[in-house]
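Here is a short note to read with the model open. Take the points in order and find each element as it comes up.

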Protein chains: 2
Amino acid sequence: MTYAVIMAGGVGTRFWPKSRESRPKQFLKFFDERTLFQNTVDRITKLIPPERILVVTNQQYVDLVQKQIPELPAENIIGEPIGKNTAPCIAVAATIVKERDPEGTMIVLPSDHYITKPDKFLSILQAAVAKANEGDNLVTIGIEPHRPETGYGYIQFNASEHEEFEGTPVHEVVTFAEKPDMETAVSFLKSGDFLWNSGMFIWKASTILNEIKVDLPHLYALTDDFLADEHNGGMLRALDNFYRNANDISIDYGVMEKAKTVYVVPGSFGWNDVGSWLAVYELEEKDKLGNVIKIPDARLINSSNCYVASDKKRFVAVVGLQGIAVVDTEDALLVARLDAAQDVKKIVESLTDKNTEQYR
Amino acid sequence: MTYAVIMAGGVGTRFWPKSRESRPKQFLKFFDERTLFQNTVDRITKLIPPERILVVTNQQYVDLVQKQIPELPAENIIGEPIGKNTAPCIAVAATIVKERDPEGTMIVLPSDHYITKPDKFLSILQAAVAKANEGDNLVTIGIEPHRPETGYGYIQFNASEHEEFEGTPVHEVVTFAEKPDMETAVSFLKSGDFLWNSGMFIWKASTILNEIKVDLPHLYALTDDFLADEHNGGMLRALDNFYRNANDISIDYGVMEKAKTVYVVPGSFGWNDVGSWLAVYELEEKDKLGNVIKIPDARLINSSNCYVASDKKRFVAVVGLQGIAVVDTEDALLVARLDAAQDVKKIVESLTDKNTEQYR
């Protein structure tokens with residue numbers, strides 16, 4: 001059977017003040033009446049029923065996850081006591097999937113991306129699942145790049161040959177590349193055989209655990225302990241021991257870059273990692289002046305290419321400004337140049353004293 | 001005896017959202033713990049006791065005036081039922097002053113200006129009072145200009161001769177000039193014999209009433225009616241009849257430009273008419289990056305020459321912006337380029353529909 005494993009443990013700071021420690025990006029609504037996390041679940045439920053969707057999140061968000069997706073069985077929500085990056089998260093999820101179904105396949109998905117073409121996305125996923133089930137294959141999804149982005153990792157694929165699954169080509173991965181500089185990113189884009197690393201993976205639970213056994217033996221040993229602890233003391237205690245002892249390491253660095261053979265399914269399905277307020281602005285529909293106004297009452301005078309949003313019924317006026325974001329919440333307000341929106345995280349990082357920690 | 005007549009009827013819109021129809025600029029605090037109106041009264045009480053200070057304001061602000069200056073006798077607050085510019089306001093104040101003291105002199109002062117050198121201001125006023133009392137003289141205060149401002153009226157004075165009152169020179173006025181274009185303003189500044197029209201006037205009540213009798217006979221007739229109405233039906237009814245029938249006209253246009261002889265006392269006492277958020281920003285003390293932050297909790301990242309103020313205990317962050325004003329109030333928020341701050345009035349002018357009139 002195929003399972004989905006949705007990673008929803010992130011504590012992003014780039015959407016402050018709308019995102020807070022208590023309510024990170026994936027649990028917020030940006031584009032419609034569903035949160036990014038809900039969108040992620042909604043997309044995948046066309047392939048996989050809620051009983052086979054696992055969500056790995058921070059312990060403090062377990063209630064939020066349950067509230068946002070009530071149909072999710074409580075035992076499918078895994079609360080991490082400490083975030084330790086993707087390798088431990090995937091290891092524990094694989095252990096649980098394998099326990100439920102020794103032949104089980106899992107689709108690992110981030111929960112804070114936006115996808116404008118969900119049907120195309122699903123057909124790409126189905127090809128990836130077919131390739132994963134064909135043997136003990138590690139499969140990932142690569143996004144066809146359309147700009148020389150320096151903020152993402154890249155995947156180079158073998159363009160000279162490929163298999164097809166119901167018309168969708170699947171390639172062998174040549175190499176994984178870290179975030180490039182601009183010159184390198186331009187050459188990647190030109191080459192035609194580099195894709196953006198989407199952080200989505202498809203494999204049998206047993207396959208990834210075998211790979212972890214080779215590449216991260218310490219982590220693999222912890223999955224054995226986890227099973228024993230779970231049977232003896234229950235899930236909470238098992239998770240506690242596991243995360244206390246696991247190292248902070250990504251699946252890309254810990255496994256994918258070391259694995260002998262990895263496959264990638266290239267896709268173009270309107271993927272956006274929603275990395276900053278600028279990305280949100282770019283995804284929204286604009287008025288004639290390029291403004292995005294997400295409140296009922298606002299006045300923009302001699303202003304263009306602005307993003308204006310408020311949680312509250314407050315009136316906002318903007319005069320003589322271009323390319324800024326105004327994000328207004330109950331207790332905190334952000335005014336930022338949209339092309340400096342990546343610096344929003346610096347605000348959050350600075351909220352460390354007694355007077356300001358309440359705004360984190 | 002000398003009286004002060006403080007004109008506090010303005011309904012300025014350039015300080016929205018801090019200023020509202022119900023609380024215009026002169027009744028707001030900008031620089032210290034006193035409002036501009038309170039500052040005005042505080043300055044003049046060194047010369048004139050509260051019993052001889054009259055305040056002419058709109059009827060809806062009478063309670064606000066009384067609250068802001070409790071020591072002001074209630075009968076010294078004149079509530080205009082309709083604003084009709086400065087000539088009716090001064091005519092009615094002169095009538096009341098003359099009624100109390102037929103020989104009374106009056107100092108007419110706007111209530112929404114800021115003066116950084118109040119002692120220098122008072123010595124200029126004293127010379128003006130001396131000149132006014134010397135005979136039936138109309139006296140005004142002119143501000144020594146330091147930039148080619150196109151937003152003010154100008155006063156040309158006779159620089160070739162002057163009198164002195166305790167060391168303060170008093171000149172005859174050659175002409176009053178309307179707001180000039182930039183070229184003209186530059187030539188005014190160069191000439192050395194042009195001053196900014198401050199809207200401050202000093203004269204005996206009888207003198208200005210005689211001048212009104214010649215230049216604005218209809219208005220003069222209304223002052224006779226006013227006295228009769230006041231004796232028969234009381235102040236409220238007298239004011240009602242007076243303002244209903246008075247024409248909307250300024251004292252500059254109606255009287256000063258027509259009067260045969262007017263005197264001017266040039267002064268330089270840190271005068272500022274506080275015309276926009278830019279003026280407020282310029283008057284405030286700045287930090288090293290040129291920022292003015294009027295709230296306890298704020299973060300400015302890569303931002304300079306900004307003005308940030310909030311009525312509320314709210315946290316404000318600004319990222320990557322130069323020269324903007326952020327003015328945050330309970331129900332409305334302004335984000336404006338400081339050098340476009342004069343356009344703030346356009347917002348208020350646009351708040352005419354059912355949803356937005358509450359923010360006026």
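**Notes on the predicted model**

1. Start with one pairing. Strand 7 (residues 154-157) of chain A runs antiparallel to strand 10 of chain A, and three bridges join them. This is a predicted model. Within the pair, Ile155(A) has Leu195(A) of strand 10 of chain A as its bridge partner.

2. Stay with strand 10 of chain A. Strand 4 of chain A also pairs with strand 10 of chain A, in the antiparallel sense, over four bridges. Look for Met106(A), which stands opposite Trp203(A) in strand 10. Is strand 10 of chain A enclosed or open? Eleven of its eleven residues are buried, so strand 10 is largely enclosed by the rest of the structure.

3. Now move to strand 6 of chain A. Strand 6 and strand 10 (residues 194-204) of chain A run antiparallel and share four bridges. Val139(A) faces Ile202(A) in strand 10 of chain A, and Gly142(A) has Asn197(A) in strand 10 of chain A as its bridge partner.

4. Strand 6 of chain A also pairs with strand 11 (residues 262-267) of chain A. Here the sense is parallel, and there are six bridges. Leu138(A) stands opposite Val262(A) of strand 11 of chain A. Strands of a sheet can pair in either sense, through backbone hydrogen bonds.

5. What lies on the two faces of strand 6 of chain A? Leu138(A), Thr140(A) and Gly142(A) are on one side, with Val139(A), Ile141(A) and Ile143(A) on the other, and all are buried. In a regular strand the side chains alternate between the two faces of the sheet. Six of the six residues of strand 6 (residues 138-143) of chain A are buried, so this strand is largely enclosed by the rest of the structure.

6. Turn to helix 1 (residues 36-44) of chain A. Its buried residues are Leu36(A), Phe37(A), Asn39(A), Thr40(A), Val41(A) and Ile44(A). Which elements cover them? Among them are strand 1 (2-8), strand 2 (53-58), helix 2 (62-68), strand 4 (105-110) and strand 5 (114-115) of chain A.

7. Step back to the whole chain. Chain A is divided into domain 1 (2-272) and domain 2 (277-359). Their C-alpha centres lie 31 Å apart. Ten residues of domain 1 of chain A are in contact with 16 residues of domain 2 of chain A. On the domain 1 side, the touching residues are six nonpolar, two polar and two charged.

8. Look at Gly275(B) in the other chain. Gly275(B) sits in the loop between strand 12 (271-272) and helix 10 (277-283) of chain B. It has 19 C-beta neighbours inside 10 Å, so it counts as partly exposed. The cut-off for buried is 20 or more. Leaving out residues up to four places away in sequence, Gly275(B) touches Arg14(B) and Gly151(B). Gly12(B) is 263 residues away along the chain, yet the two C-alpha atoms are separated by 9.3 Å.

9. How are the two chains related? A rotation of 180° with 0.0 Å of shift along its axis superposes chain A on chain B, with an RMSD of 0.1 Å. The two copies are thus related as by a two-fold rotation axis. Of the residues of chain A, Val335(A) comes closest to that axis, at 4.0 Å (C-alpha).

10. Next, the interface. 31 residues of chain A are in contact with 31 residues of chain B. Strand 18 of chain A gives the most to its side, with six residues. By class, the chain A side has 18 nonpolar, five polar and eight charged residues. 100% of the interface residues of chain A are also interface residues in chain B, so the copies meet through the same surface.

11. Six strands form an open sheet with mixed pairing, in the order 14(A)-16(A)-18(B)-17(B)-15(B)-13(B). Strand 14 (298-301) of chain A and strand 13 (292-294) of chain B stand at the edges, each with a single partner strand, so one side of each has no neighbour in the sheet.

How values were computed: Residues are numbered from 1 along each chain as its sequence is written. Chains are lettered from A and ligands numbered from 1 in the order in which they are written. This is a predicted model: local features need pLDDT of at least 70, side-chain atom pairs count only at pLDDT 80 or more; totals for chains, interfaces and linings use all residues. Copies are superposed by least squares on the C-alpha atoms of residues with pLDDT of at least 70 in both. Two residues are in contact if their C-beta atoms, placed from the backbone, lie within 7 Å. Domain bounds come from an automatic or database domain assignment. Ala, Val, Leu, Ile, Met, Phe, Trp, Tyr, Cys and Pro count as nonpolar, Asp, Glu, Lys and Arg as charged, and the others, Gly among them, as polar. A residue is buried if 20 or more other C-beta atoms lie within 10 Å of its own, exposed if 12 or fewer, and partly exposed in between; C-beta atoms are placed from the backbone. Two strands pair if DSSP finds at least two bridges between them.
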